[in-house]
Amino acid sequence: MRPFIHDAFLLASDVARDLYERYARDLPIVDYHCHLSPELMAADHRFRGITEIWLEGDHYKWRAMRACGVPERFISGDASDWEKFEAWARTVPETLRNPLFHWTAMELKRPFGIDRLLSPQTAREIFDRCNERLRGEDDFTAMGLLRSWKVAVVCSTDDPVDSLESHRQLARRKDPATRVYPTWRPDAALTFDEPTVWNAWVGKLEKAANRTVRSFEDLVEALDARHRVFHEHGCRASDHGLETLPPPSVYADGTVGVTFDALRAGRAIERGRAVALQAALLHRLALMDHDRGWVQQFHLGAYRDVSSRLYAKLGPNVGGDSMGDFEMARGLAAFLDGLDRRASLAKTILYNLNPRDNALFATMAGNFNDGSVPGKMQYGASWWFLDQKDGIEAQFRALSNMGLVSRFVGMITDSRSFLSYSRHDYFRRILCNLLGEDVRQGLVPDDREQLGRLVTAVCFTNARDYFGFPLGTAAAGQETR
Amino acid sequence: MRPFIHDAFLLASDVARDLYERYARDLPIVDYHCHLSPELMAADHRFRGITEIWLEGDHYKWRAMRACGVPERFISGDASDWEKFEAWARTVPETLRNPLFHWTAMELKRPFGIDRLLSPQTAREIFDRCNERLRGEDDFTAMGLLRSWKVAVVCSTDDPVDSLESHRQLARRKDPATRVYPTWRPDAALTFDEPTVWNAWVGKLEKAANRTVRSFEDLVEALDARHRVFHEHGCRASDHGLETLPPPSVYADGTVGVTFDALRAGRAIERGRAVALQAALLHRLALMDHDRGWVQQFHLGAYRDVSSRLYAKLGPNVGGDSMGDFEMARGLAAFLDGLDRRASLAKTILYNLNPRDNALFATMAGNFNDGSVPGKMQYGASWWFLDQKDGIEAQFRALSNMGLVSRFVGMITDSRSFLSYSRHDYFRRILCNLLGEDVRQGLVPDDREQLGRLVTAVCFTNARDYFGFPLGTAAAGQETR
Amino acid sequence: MRPFIHDAFLLASDVARDLYERYARDLPIVDYHCHLSPELMAADHRFRGITEIWLEGDHYKWRAMRACGVPERFISGDASDWEKFEAWARTVPETLRNPLFHWTAMELKRPFGIDRLLSPQTAREIFDRCNERLRGEDDFTAMGLLRSWKVAVVCSTDDPVDSLESHRQLARRKDPATRVYPTWRPDAALTFDEPTVWNAWVGKLEKAANRTVRSFEDLVEALDARHRVFHEHGCRASDHGLETLPPPSVYADGTVGVTFDALRAGRAIERGRAVALQAALLHRLALMDHDRGWVQQFHLGAYRDVSSRLYAKLGPNVGGDSMGDFEMARGLAAFLDGLDRRASLAKTILYNLNPRDNALFATMAGNFNDGSVPGKMQYGASWWFLDQKDGIEAQFRALSNMGLVSRFVGMITDSRSFLSYSRHDYFRRILCNLLGEDVRQGLVPDDREQLGRLVTAVCFTNARDYFGFPLGTAAAGQETR
């Protein structure tokens, strides 16, 4: 019997299979946004087993287990590796129709070569086989996994105060298969809820930038100094995780200096003033991105740490986050237009989390293309809760209808796991299948060369050219000419 | 020629037909949320004809007739039963693609055994045939209809001040096919727009609970006394119909006592204070639900009584309601987290009306699963305007992608009509068809036993186990073990 | 090889092809909302070439070109006709999956008879061929194009201060193929951002209406005088382009007189007062529409002139607009209910731009049907960013599920281009294809006559009867009986 994950998985038509096999399947990967650990990459970490690499910190799986009534001990607690794996194996058959079901089967198939579906019956055998490969084979270390997936570039996500030591180590490698770059993610600079936390962070920034921060302009300068250091380490992209962008009204606010002083003195600031300060700082950070030719990314719409019970017990990113219904249009417009009208708008990728905003984001991005760079303004890939077949198709449809998919820079893993690269394969299959279906319906001409160009562009070359990173040897022969 | 409603209606594949026939079709029904009249059930009402059972109070049909230019006299006015039926028969062919077209054909097919489609040409024949059966046959009384649909449980929707006399009568039946339980719906306690109306209701509560309500705590105690009585009558679920849940800011409000006093004294209260009082009362009601192990339900997003002309003429629930675009995330989070962090969150079902919020609701529910009960937090079934094929599929897709359908407690009728049980059949066909399509596309393994388990769980056993009601003999042999 | 646009384009089933060929294809067009120039129609303008008729002012194409990195000179600048056409030809292959790809191919096919797809390779040949036909053939003037598309009625979009001179010229034609009527679009009366601009417009109104405007009531009277003149010119519809309708709170506002005086004196007015004035004026304009038996249209949800760079350089409607996420429900309800409860609600079409509001709009319209006119309250066709296969299908699905498509008045071009009539053909194919798919799935009976009636109603007769315009001879034999 054919295994569940087979060559034609998700590829319903001949055209789809042809596009996948001839164009998509073997392309290198430019993973321009993820949360992999630079430390583990620098150390070329060898995992102690499948539980470490697969279950630790995977809040997707944690949510599913909690929904199945699995006690927390087997999720984030002190149960053994086998106990946790077994609890997950019991959960997997219950995830039918959730992306976890596909991801699980795809990740066992590749890299582990396991065709059987995970369930209580197969758990022990799969646990042992995965552990054996993880503990013994060259392709199963952190960098080995990336190499075998032909990942030419990985961009981690880094705090401006990070020393970038791991990145320096990684940069010293000669002709690596996978080049690793930092991404500038200054969320901590923009989070004013707890003045103590913020001031502690500013203290670290002072050390990292080797300057004193007494005023708003000092802060901007210190950040700019670190921004330059990031640039020197190959960083070409920033990223922000925000609920929404500040509304137009706060940009004209004259309170920034006073608010900064209060905050720096450790005093709580009221919400309206905090937003005005955030707006001012976001604008200045965006100018830096523009000055250095970077891409700025905005991940908007997540409503984080909604479960205070989980947050108190386990911290952030543990499965207590969901979608918000924040107002989006006016803030996006004010922010982007404020830069565009000063000819200071960097290349930009806008990612939304609540799918009700797909069309809005797609059309908003289109307002600010200026003819300077093809695809300058990007409506970004589906992520987090939207990272499944329906979500990927919905993003692609919205972008198709309201923008140009031919300029789309494609998929990101946005993952903390070294096993998530099958999501690129997932995306490529879904994309080829969609185009095959288009041909079947007569919606696009069956011009295989044109479709192949589109597939290649979306899966690899657009991202390569948009960011302009030097690539690792995993993409040998496919550099920008 | 094959009739429009036939065995394979909506079942496009062999897999779909197999799942439906072997697993779904003959399952009993647990209708854990509807608006059937306990009085009619207790009296085992015999209907005077098809117009009474089918058209009276059916605001779905009323809206369609108004959209077709039918004068109000033939809708809610003093036209004869035949005249009203004939006006509806003229409207039916115009409802093509609206769920009314399917519902109409399905309800004539079962229980009436009529294959012909309703139209002006067939109206007289169908009117006479239906009336004949309704007036003469055992299976066509209120309880006969439920029995023949294998409805093992019906939960009506009841006011806390209701005497529950009908429920007591119903409970006295020996080994009934269909057990009937009340649902606690305290909307009247939470509606402060008209102080006179609210105080009149509190007066009834005082009588029902046999205590005086002079303070907010008195109110809570009186409600709790009734809550206990409902529990003794087999009630295991509450339900709230609200636009949205109160925003986080109002929970810390210290004004509740003062607001209560003003309201109790018959004075109008301003909107902000009303919401704070509502928040406080909702929280206390939720604690009662948790204490007694109930399921709390929230039907959110309806924008009611939008047409003041219709409201003035006919009252509520007459076809002048639509969807709102209320802010949802912050209120839901504040309410649920406020309970969860005190370990006082009851099993909960969240229903949304505006489909733009599907994904938000699905992810919000997932934040508060705690491993205690499988499927503790439910993203509820599509209802009202969403109760059609597209809406059912969209809810199921959102839940699949962002939660676990394997834990879904399934469909509700949410209807005022004894003829609406075909909506369970409708749901089951749509579900089996979806899974058949999944198999065709290779999205799920063709493991018929696993799929059959899923179908059985969603259509019957999950609801049975989640609520834990004793079942009527319509479900003989299928009690929870 | 079959050309991309062929007889069965978009028609996937035999039923679809049958419905299209027998019912849809040859129906006349009632284009009750577009932005064609009355001047060009009155002059029966002959275009200097394909660049003038196809690229000038087409902000859909402009956005696509900017997204492809085409410099502004080739878009809105001083490049030659050939240079601009060639820049567009380079862009077309990059629009795959965007409606522009279909529109481009369809518009070359008809009226130009060109089967080859536009690309850099075919650009010169197509440029020359189109220019030849445009410059020499009778069917390629402004009115020739309308006639050959069987456009029986065109409604342009006109300012209340417009002299309607072109409309008078057009009305003088004997038995024209295409009758042309004005539409009343008083946006300028309702836009208070810049008091100077508003007062200048009021000055023009004073001249046009030949009365002095010193008070709010004067303004209403002057508008009413023009409304009557529009009526005398055959106008039967108004139209408003607004972000959203004013919220309920502002209707009870007593500030209208004072606000008017301040504005008329050239003073800036604050946002809350402006909205109250707008609400008052909208209400009065709606009464005029009701008094004269017109249809009022509301195009809501566009977020215009978001790019201030483009606005400053090129003015409005140049590709710097997107969707907003404005609150919709309360404003719609307050406005419509305020008229309905006074028995003064005109026939109304509500168009939304952000597709997240599809369901809301469909249900909101349904609240106010009163049985007086079939389909009195319309949830309008998809437009602008939603005018593609997915958008058309989504609007039709929402309307089907929550209203009656049998009463739908169908498609509009909403275009500035004399080549956009293929969008009616596009719509008709999509509609027939959808119904064919319904039959295939058993969702509707395969009653070809009933389906044909639906197609005919939606594509032509509903609009004809709803507006009641005298038709041009393009619809000879198909007048309302």
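Predicted model: local features only at pLDDT ≥ 70, side-chain atom pairs only at ≥ 80, totals over all residues.
Local features in the model are reported at pLDDT of at least 70 and side-chain atom pairs only at pLDDT 80 or more, while totals for chains, interfaces and linings use all residues. Residues are numbered from 1 along each chain as its sequence is written, chains are lettered from A in the order in which they are written, and side-chain values use heavy atoms, with hydrogens and water left out.

Two domains are assigned in chain A, domain 1 (46-140) and domain 2 (150-475); the bounds come from an automatic or database domain assignment. The C-alpha centres of domain 1 and domain 2 of chain A are 30 Å apart. Their contact (heavy atoms within 4.5 Å) takes 19 residues from domain 1 of chain A and 21 residues from domain 2 of chain A. The size of an interface is often given as the accessible area lost when the parts come together. Here buried area is the accessible area, taken with a 1.4 Å probe, that two parts lose on being put together, summed over both. Domain 1 and domain 2 of chain A bury about 1,800 Å² between them, and carbon and sulfur atoms hold 61% of it. On the side of domain 1 of chain A, the residues that lose the most area to domain 2 of chain A are A:His59, A:Trp103 and A:Met106, which together give 31% of what that side buries.

Between domain 1 and domain 2 of chain A the rule finds zero salt bridges, a salt bridge being a side-chain nitrogen of Lys or Arg within 4 Å of a carboxyl oxygen of Asp or Glu. Four residue pairs across this interface, both at pLDDT 80 or more, are in polar contact. A polar contact is a pair of N or O atoms within 3.5 Å; within protein, one must be able to donate a hydrogen and the other to accept it, and residues adjacent in sequence count only if both atoms are side-chain atoms. Helix 3 (50-54), helix 4 (59-67) and helix 6 (99-109) of chain A each supply at least two residues of the side of domain 1 of chain A that touches domain 2 of chain A. Helices (H or I, at least four residues) and strands (E, at least two) are DSSP runs, numbered from the N terminus. By class, that side of domain 1 of chain A has eleven nonpolar, four polar and four charged residues; Ala, Val, Leu, Ile, Met, Phe, Trp, Tyr, Cys and Pro count as nonpolar, Asp, Glu, Lys and Arg as charged, and the others, Gly among them, as polar.

Two copies of a chain are related by a rotation about an axis and a shift along it.

Chain A and chain C bury about 3,600 Å² between them, 50% of it on carbon and sulfur atoms. A:Asn367, A:Asn401 and A:Leu404 supply 16% of the area that chain A buries against chain C, more than any other three residues. Five salt bridges are found across the interface of chain A and chain C. C:Glu243 and A:Arg330 form a salt bridge in which the closest N and O atoms are 3.3 Å apart.

For chain C and chain B, the interface likewise has five salt bridges. The side chains of C:Arg397 and B:Asp390 meet in a salt bridge at 3.9 Å, N to O.

Most residues other than glycine have a negative phi, and most peptide bonds are trans. The peptide bond from A:Arg110 to A:Pro111 is cis, with omega near 20°, and A:Pro111 lies in the loop between helix 6 and helix 7 (123-136) of chain A. A:Trp384 has a positive phi, near 55°, and is found in the loop between strand 9 (377-379) and helix 17 (389-402) of chain A.
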